[in-house]
Amino acid sequence: MQFPMDYHDELISIPGERRMKNPAVLIWILGIILFSVLGIWSPAWSNPVYYTDNHQSEPACTRDVSCSRYDAPGGFTSLSKAEVDEIIMPLIENGIYAGIAVAVIDEWGYEVWGYGKTDINRREVPDEDTVFEIGSISKTFSGVLLADSVLQGTMTLSAPLSRYLPEDQKIPSFYGRPITIRDIATHTSGLAAVPDAFYEISRDNSSNPGTADSYEEIISLYETMSAEEVYDWLSTTTLSPVGRNWSYSNVGAAILGDAIAHANNMTFQGILKDRITKPLGMDSTDTELSSDLAVRYATGYRNYEGIIEKGRFIE
(Lines give C-alpha, C1' and ligand atoms only; values in the text may rest on other atoms or scores of the structure.)
Protein backbone atom coordinates (compact mmCIF):
# COMPACT_ATOMS: atom_id res chain seq x y z
CA MET A 1 0.00 0.00 0.00
CA GLN A 2 1.40 3.37 -0.97
CA PHE A 3 2.05 6.25 1.37
CA PRO A 4 -1.23 8.22 1.41
CA MET A 5 0.49 11.45 0.36
CA ASP A 6 1.28 9.77 -2.92
CA TYR A 7 -2.34 9.88 -3.92
CA HIS A 8 -3.94 12.40 -1.58
CA ASP A 9 -1.55 15.27 -2.03
CA GLU A 10 -0.40 15.18 -5.67
CA LEU A 11 -3.34 15.28 -8.04
CA ILE A 12 -2.82 15.70 -11.76
CA SER A 13 -4.88 18.27 -13.62
CA ILE A 14 -5.00 20.71 -16.52
CA PRO A 15 -5.06 24.53 -16.27
CA GLY A 16 -8.75 24.98 -17.16
CA GLU A 17 -11.14 22.04 -17.33
CA ARG A 18 -13.50 22.76 -20.22
CA ARG A 19 -16.72 22.21 -18.35
CA MET A 20 -15.61 23.77 -15.12
CA LYS A 21 -17.99 26.50 -13.99
CA ASN A 22 -16.91 28.80 -11.20
CA PRO A 23 -18.40 32.23 -10.50
CA ALA A 24 -15.21 33.40 -8.85
CA VAL A 25 -12.37 34.80 -10.91
CA LEU A 26 -9.43 32.42 -10.60
CA ILE A 27 -5.99 32.63 -12.11
CA TRP A 28 -4.15 29.35 -12.41
CA ILE A 29 -0.56 29.72 -13.46
CA LEU A 30 0.82 26.22 -13.77
CA GLY A 31 4.48 26.19 -14.69
CA ILE A 32 7.22 23.79 -15.61
CA ILE A 33 9.75 24.98 -13.07
CA LEU A 34 13.33 24.91 -14.24
CA PHE A 35 14.36 24.80 -10.60
CA SER A 36 11.90 22.00 -9.84
CA VAL A 37 12.78 18.37 -9.41
CA LEU A 38 11.23 14.98 -9.96
CA GLY A 39 8.85 16.11 -12.64
CA ILE A 40 6.64 17.66 -9.95
CA TRP A 41 5.40 21.16 -10.68
CA SER A 42 3.97 23.72 -8.35
CA PRO A 43 1.68 26.54 -9.45
CA ALA A 44 2.94 30.09 -9.22
CA TRP A 45 -0.07 32.21 -8.30
CA SER A 46 -0.55 35.78 -9.35
CA ASN A 47 -2.42 38.24 -7.17
CA PRO A 48 -5.45 40.11 -8.58
CA VAL A 49 -4.60 43.29 -10.42
CA TYR A 50 -6.64 46.41 -9.83
CA TYR A 51 -6.53 49.07 -12.51
CA THR A 52 -5.29 52.63 -12.12
CA ASP A 53 -7.21 55.74 -13.14
CA ASN A 54 -5.90 55.59 -16.70
CA HIS A 55 -7.38 52.13 -17.25
CA GLN A 56 -9.43 52.01 -20.45
CA SER A 57 -12.26 49.54 -19.99
CA GLU A 58 -12.93 47.05 -22.75
CA PRO A 59 -16.52 46.22 -23.74
CA ALA A 60 -18.14 44.02 -21.13
CA CYS A 61 -18.49 40.31 -21.91
CA THR A 62 -21.80 38.75 -22.72
CA ARG A 63 -22.83 35.13 -22.52
CA ASP A 64 -22.53 34.90 -26.30
CA VAL A 65 -19.32 36.86 -26.77
CA SER A 66 -16.08 35.71 -25.16
CA CYS A 67 -13.52 38.25 -24.04
CA SER A 68 -10.48 38.22 -21.81
CA ARG A 69 -11.66 40.98 -19.51
CA TYR A 70 -14.87 41.39 -17.60
CA ASP A 71 -15.62 44.29 -15.29
CA ALA A 72 -17.48 42.45 -12.58
CA PRO A 73 -19.71 44.13 -9.99
CA GLY A 74 -17.75 45.25 -6.97
CA GLY A 75 -14.73 46.57 -8.82
CA PHE A 76 -12.75 43.37 -9.39
CA THR A 77 -11.51 42.97 -12.95
CA SER A 78 -9.88 39.90 -14.42
CA LEU A 79 -6.54 40.20 -16.16
CA SER A 80 -6.25 40.99 -19.84
CA LYS A 81 -3.87 39.10 -22.14
CA ALA A 82 -1.48 42.07 -22.20
CA GLU A 83 -1.33 42.19 -18.41
CA VAL A 84 -0.75 38.45 -18.16
CA ASP A 85 2.05 38.77 -20.74
CA GLU A 86 3.71 41.43 -18.59
CA ILE A 87 3.74 39.08 -15.61
CA ILE A 88 4.62 35.81 -17.32
CA MET A 89 7.01 36.65 -20.16
CA PRO A 90 9.91 37.69 -17.86
CA LEU A 91 9.66 34.29 -16.14
CA ILE A 92 10.11 32.55 -19.49
CA GLU A 93 12.71 34.93 -20.92
CA ASN A 94 14.87 34.77 -17.78
CA GLY A 95 14.85 30.98 -17.72
CA ILE A 96 12.95 30.67 -14.45
CA TYR A 97 10.27 28.52 -16.08
CA ALA A 98 10.43 26.40 -19.22
CA GLY A 99 6.72 26.71 -19.87
CA ILE A 100 3.58 28.09 -18.27
CA ALA A 101 -0.12 27.79 -18.99
CA VAL A 102 -2.40 30.50 -17.59
CA ALA A 103 -6.17 30.13 -17.26
CA VAL A 104 -8.35 33.12 -16.41
CA ILE A 105 -11.78 31.91 -15.35
CA ASP A 106 -15.00 33.74 -14.51
CA GLU A 107 -18.74 33.14 -14.77
CA TRP A 108 -18.72 33.78 -18.52
CA GLY A 109 -16.18 31.09 -19.31
CA TYR A 110 -12.42 31.05 -19.50
CA GLU A 111 -9.37 32.01 -21.52
CA VAL A 112 -6.14 29.97 -21.64
CA TRP A 113 -2.79 31.33 -22.80
CA GLY A 114 0.42 29.34 -23.19
CA TYR A 115 4.04 30.47 -22.86
CA GLY A 116 7.34 28.72 -23.48
CA LYS A 117 7.38 24.98 -24.17
CA THR A 118 6.04 21.80 -22.60
CA ASP A 119 9.48 20.29 -23.23
CA ILE A 120 12.60 22.29 -24.10
CA ASN A 121 13.40 19.84 -26.90
CA ARG A 122 10.03 20.30 -28.59
CA ARG A 123 8.13 23.24 -30.02
CA GLU A 124 4.84 22.43 -28.31
CA VAL A 125 3.45 25.37 -26.35
CA PRO A 126 1.48 24.62 -23.15
CA ASP A 127 -2.27 24.92 -23.66
CA GLU A 128 -5.57 24.01 -22.01
CA ASP A 129 -4.91 20.30 -22.59
CA THR A 130 -1.43 20.22 -21.04
CA VAL A 131 -1.31 18.12 -17.88
CA PHE A 132 0.52 19.35 -14.79
CA GLU A 133 0.97 17.90 -11.34
CA ILE A 134 -0.78 20.36 -9.04
CA GLY A 135 0.93 19.54 -5.76
CA SER A 136 -0.64 21.00 -2.64
CA ILE A 137 -3.61 22.41 -4.52
CA SER A 138 -4.75 18.82 -4.10
CA LYS A 139 -5.50 19.72 -0.48
CA THR A 140 -8.43 21.85 -1.66
CA PHE A 141 -9.99 18.71 -3.15
CA SER A 142 -9.62 16.97 0.21
CA GLY A 143 -11.25 19.98 1.86
CA VAL A 144 -14.23 19.79 -0.47
CA LEU A 145 -14.56 16.05 0.13
CA LEU A 146 -14.41 16.60 3.89
CA ALA A 147 -17.10 19.29 3.74
CA ASP A 148 -19.28 17.02 1.61
CA SER A 149 -18.75 14.14 4.04
CA VAL A 150 -19.84 16.34 6.94
CA LEU A 151 -22.96 17.40 5.04
CA GLN A 152 -23.78 13.79 4.23
CA GLY A 153 -23.26 12.74 7.84
CA THR A 154 -20.37 10.34 7.30
CA MET A 155 -17.89 12.54 9.21
CA THR A 156 -17.98 14.99 12.11
CA LEU A 157 -15.42 17.76 12.55
CA SER A 158 -15.30 17.40 16.34
CA ALA A 159 -14.85 13.62 16.18
CA PRO A 160 -11.45 12.13 17.00
CA LEU A 161 -9.32 11.12 14.03
CA SER A 162 -9.25 7.58 15.39
CA ARG A 163 -12.93 7.12 14.53
CA TYR A 164 -12.12 7.14 10.82
CA LEU A 165 -8.96 5.02 10.78
CA PRO A 166 -8.53 1.27 11.37
CA GLU A 167 -9.37 0.27 14.94
CA ASP A 168 -5.91 -1.11 15.65
CA GLN A 169 -4.16 2.08 14.55
CA LYS A 170 -2.43 3.80 17.46
CA ILE A 171 -2.81 7.58 17.31
CA PRO A 172 -0.93 9.88 19.70
CA SER A 173 -2.60 12.46 21.90
CA PHE A 174 -1.31 15.51 23.74
CA TYR A 175 -1.75 14.90 27.47
CA GLY A 176 -5.00 13.12 26.76
CA ARG A 177 -6.21 15.62 24.15
CA PRO A 178 -6.92 13.60 20.96
CA ILE A 179 -6.47 14.86 17.42
CA THR A 180 -9.86 15.72 15.92
CA ILE A 181 -10.83 15.97 12.28
CA ARG A 182 -11.02 19.74 12.68
CA ASP A 183 -7.47 19.78 14.06
CA ILE A 184 -5.97 17.81 11.21
CA ALA A 185 -7.97 19.73 8.57
CA THR A 186 -6.80 23.10 9.89
CA HIS A 187 -3.13 22.16 10.45
CA THR A 188 -3.43 22.38 14.22
CA SER A 189 -3.00 18.65 14.86
CA GLY A 190 0.44 18.99 16.45
CA LEU A 191 1.92 16.70 13.77
CA ALA A 192 5.23 17.47 12.12
CA ALA A 193 5.34 18.60 8.50
CA VAL A 194 6.59 15.20 7.32
CA PRO A 195 7.65 11.91 8.95
CA ASP A 196 11.11 11.61 10.51
CA ALA A 197 12.48 9.69 7.52
CA PHE A 198 12.52 12.93 5.51
CA TYR A 199 14.76 14.60 8.08
CA GLU A 200 17.00 11.54 8.38
CA ILE A 201 17.84 11.71 4.69
CA SER A 202 18.52 15.41 5.05
CA ARG A 203 20.96 14.74 7.91
CA ASP A 204 22.67 11.99 5.93
CA ASN A 205 23.24 14.50 3.12
CA SER A 206 24.42 17.28 5.42
CA SER A 207 27.91 17.15 3.91
CA ASN A 208 26.47 17.97 0.50
CA PRO A 209 23.27 19.95 1.17
CA GLY A 210 21.26 21.84 -1.40
CA THR A 211 22.19 19.74 -4.40
CA ALA A 212 19.60 18.48 -6.86
CA ASP A 213 20.40 14.85 -6.08
CA SER A 214 20.03 15.27 -2.31
CA TYR A 215 16.76 17.15 -2.70
CA GLU A 216 15.39 14.54 -5.09
CA GLU A 217 16.29 11.78 -2.65
CA ILE A 218 14.24 13.50 0.05
CA ILE A 219 11.24 14.15 -2.20
CA SER A 220 11.36 10.58 -3.52
CA LEU A 221 9.88 9.45 -0.20
CA TYR A 222 6.53 10.74 -1.45
CA GLU A 223 6.76 7.89 -3.95
CA THR A 224 8.45 5.15 -1.97
CA MET A 225 7.18 5.51 1.59
CA SER A 226 4.35 3.10 2.30
CA ALA A 227 1.19 3.74 4.30
CA GLU A 228 2.38 1.17 6.82
CA GLU A 229 5.60 3.12 7.37
CA VAL A 230 3.65 6.35 7.83
CA TYR A 231 1.29 4.80 10.37
CA ASP A 232 4.19 3.17 12.20
CA TRP A 233 5.69 6.65 12.51
CA LEU A 234 2.34 8.08 13.62
CA SER A 235 2.02 5.54 16.43
CA THR A 236 5.29 6.66 18.05
CA THR A 237 5.57 10.36 17.19
CA THR A 238 5.36 13.10 19.81
CA LEU A 239 2.83 15.86 19.20
CA SER A 240 3.09 19.57 19.74
CA PRO A 241 0.09 21.08 21.58
CA VAL A 242 -3.03 19.97 19.74
CA GLY A 243 -5.61 22.51 18.62
CA ARG A 244 -3.54 25.54 19.60
CA ASN A 245 -0.86 26.46 17.08
CA TRP A 246 -1.04 26.39 13.30
CA SER A 247 1.78 24.37 11.70
CA TYR A 248 1.57 23.21 8.09
CA SER A 249 1.62 19.42 7.85
CA ASN A 250 1.81 17.49 4.61
CA VAL A 251 1.60 14.19 6.43
CA GLY A 252 -1.47 15.43 8.31
CA ALA A 253 -3.19 16.27 5.03
CA ALA A 254 -2.31 12.84 3.68
CA ILE A 255 -3.74 11.10 6.74
CA LEU A 256 -6.87 13.22 6.44
CA GLY A 257 -7.32 11.99 2.88
CA ASP A 258 -7.04 8.43 4.10
CA ALA A 259 -9.58 9.12 6.86
CA ILE A 260 -12.04 10.55 4.33
CA ALA A 261 -11.71 7.43 2.21
CA HIS A 262 -12.21 5.12 5.23
CA ALA A 263 -15.22 7.10 6.48
CA ASN A 264 -16.97 6.73 3.14
CA ASN A 265 -15.90 3.11 2.51
CA MET A 266 -14.20 4.13 -0.73
CA THR A 267 -10.71 4.66 -2.06
CA PHE A 268 -9.54 8.26 -2.25
CA GLN A 269 -9.46 8.03 -6.04
CA GLY A 270 -12.98 6.60 -6.01
CA ILE A 271 -14.53 9.30 -3.86
CA LEU A 272 -12.66 12.02 -5.78
CA LYS A 273 -14.21 10.83 -9.04
CA ASP A 274 -17.64 10.19 -7.52
CA ARG A 275 -18.03 13.52 -5.71
CA ILE A 276 -15.95 16.02 -7.73
CA THR A 277 -14.32 15.18 -11.05
CA LYS A 278 -17.09 13.13 -12.67
CA PRO A 279 -19.98 15.50 -11.76
CA LEU A 280 -17.96 18.50 -12.96
CA GLY A 281 -16.70 16.79 -16.12
CA MET A 282 -13.07 17.15 -15.00
CA ASP A 283 -11.88 14.24 -17.11
CA SER A 284 -8.23 15.29 -17.00
CA THR A 285 -7.94 15.44 -13.22
CA ASP A 286 -6.93 12.24 -11.44
CA THR A 287 -4.68 10.72 -8.81
CA GLU A 288 -2.94 8.49 -11.36
CA LEU A 289 -1.21 9.28 -14.63
CA SER A 290 -3.09 7.26 -17.26
CA SER A 291 -1.68 6.68 -20.74
CA ASP A 292 -4.01 9.38 -22.09
CA LEU A 293 -2.78 11.93 -19.57
CA ALA A 294 0.87 10.88 -19.93
CA VAL A 295 1.08 12.00 -23.56
CA ARG A 296 -0.02 15.49 -22.48
CA TYR A 297 2.17 15.67 -19.38
CA ALA A 298 4.57 18.62 -19.13
CA THR A 299 8.23 17.86 -18.54
CA GLY A 300 9.79 19.03 -15.27
CA TYR A 301 13.34 20.32 -15.02
CA ARG A 302 15.97 21.14 -12.46
CA ASN A 303 18.58 23.88 -12.81
CA TYR A 304 21.41 23.67 -10.32
CA GLU A 305 24.70 25.47 -10.85
CA GLY A 306 23.63 26.48 -14.34
CA ILE A 307 23.06 22.94 -15.58
CA ILE A 308 19.54 22.39 -16.91
CA GLU A 309 18.38 18.79 -16.98
CA LYS A 310 15.19 16.83 -16.58
CA GLY A 311 14.14 16.16 -13.03
CA ARG A 312 13.61 12.60 -11.88
CA PHE A 313 10.11 11.46 -12.77
CA ILE A 314 7.92 10.19 -9.95
CA GLU A 315 4.75 8.33 -10.85
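This is a predicted model: local features need pLDDT of at least 70, side-chain atom pairs count only at pLDDT 80 or more; totals for chains, interfaces and linings use all residues.
## The salt bridge of Lys 310 and its network

Lys 310 belongs to strand E9 (residues 307–310), whereas Asp 119 sits in the loop between strand E4 (109–116) and strand E5 (132–133), so the pair ties together parts of the protein that are 191 residues apart in sequence. With a relative accessible area of 3%, Asp 119 is buried. The pair is also part of a network of salt bridges, in which Asp 119 and Lys 310 are linked with Arg 122 and Glu 124.

## Other salt bridges

A search of the whole structure finds eleven salt bridges, and two further examples are described here. Side chains of opposite charge can pair when their charged atoms come close. Arg 302 is joined to Glu 309 by a salt bridge in which the closest N and O atoms are 2.6 Å apart; Arg 302 is buried, at a relative accessible area of 10%, while Glu 309, at 35%, is partly exposed.

Asp 292 and Arg 296 likewise meet through their side chains in a salt bridge, with an N to O distance of 3.1 Å. Asp 292 is partly exposed, its relative accessible area being 46%.

## Overall composition

The protein contains eleven helices and nine strands, and 49% of its 315 residues count as buried. Among contacts with a separation of 6 or more, residues 24 or more positions apart account for 70%. The accessible surface comes to about 15,800 Å², and carbon and sulfur atoms contribute 51% of that area.

The buried residues of H3 are Ser 138, Lys 139, Phe 141, Ser 142, Leu 145, Leu 146 and Ser 149. Viewed down the axis of H3, these buried residues fall within an arc of 150 degrees, so they line one face of the helix. An α-helix has 3.6 residues a turn, so residues three or four places apart point the same way. Just after H3, Gly 153 adopts a positive phi of about 85 degrees.

In helix H10 (residues 268–277), the buried residues are Phe 268, Ile 271, Leu 272, Ile 276 and Thr 277. They cover an arc of only 150 degrees around the axis, which puts them on the same side of H10.

Most residues other than glycine have a negative phi. Tyr 175, however, has a positive phi, near 50 degrees; this residue is placed in the loop between strand E6 (173–174) and strand E7 (177–178), and its relative accessibility of 78% makes Tyr 175 exposed.

His 187 is another residue other than glycine with a positive value, its phi being near 60 degrees. The residue lies in the loop between helix H4 (181–185) and helix H5 (196–204), where His 187 is buried at a relative accessible area of 13%.

How exposed or buried is Ser 249, given its relative accessible area? Ser 249 is buried, with a value of 1%, and its position is in the loop between helix H8 (227–236) and helix H9 (250–263). Leaving aside residues up to four places away in sequence, Ser 249 touches His 187, Leu 191, Ala 192 and Ala 193.

The side chain of Ser 249 also takes part in polar contacts with the backbone: it reaches the backbone oxygen of Ala 192 at 2.7 Å, and a polar atom of the Ser 249 side chain lies 2.9 Å from the backbone nitrogen of Gly 252.

## The surroundings of Ile 181

Ile 181 is located in helix H4 and, at 0% relative accessibility, counts as buried. Apart from residues up to four places away in sequence, Ile 181 touches Leu 146, Met 155, Thr 156, Leu 157, Ala 159, Leu 161, Tyr 164 and Leu 256; one of these, Leu 146, is also among the buried residues of H3. The C-alpha atom of Ile 181 is separated by 8.8 Å from that of Ala 259, a residue 78 residues apart from Ile 181 along the chain.

Key:
Residues are numbered from 1 along each chain as its sequence is written. Side-chain values use heavy atoms; hydrogens and water are left out. Buried means under 20% relative accessible area, exposed over 50%, partly exposed in between (1.4 Å probe, protein chains only). Helices (H or I, at least four residues) and strands (E, at least two) are DSSP runs, numbered from the N terminus. The arc is that of the directions from the helix axis to the C-beta atoms. A salt bridge is a side-chain nitrogen of Lys or Arg within 4 Å of a carboxyl oxygen of Asp or Glu. Contact means heavy atoms within 4.5 Å. A polar contact is a pair of N or O atoms within 3.5 Å; within protein, one must be able to donate a hydrogen and the other to accept it, and residues adjacent in sequence count only if both atoms are side-chain atoms. Accessible areas come from the Shrake-Rupley method with a 1.4 Å probe; for residues, only the protein chains shown count as cover.
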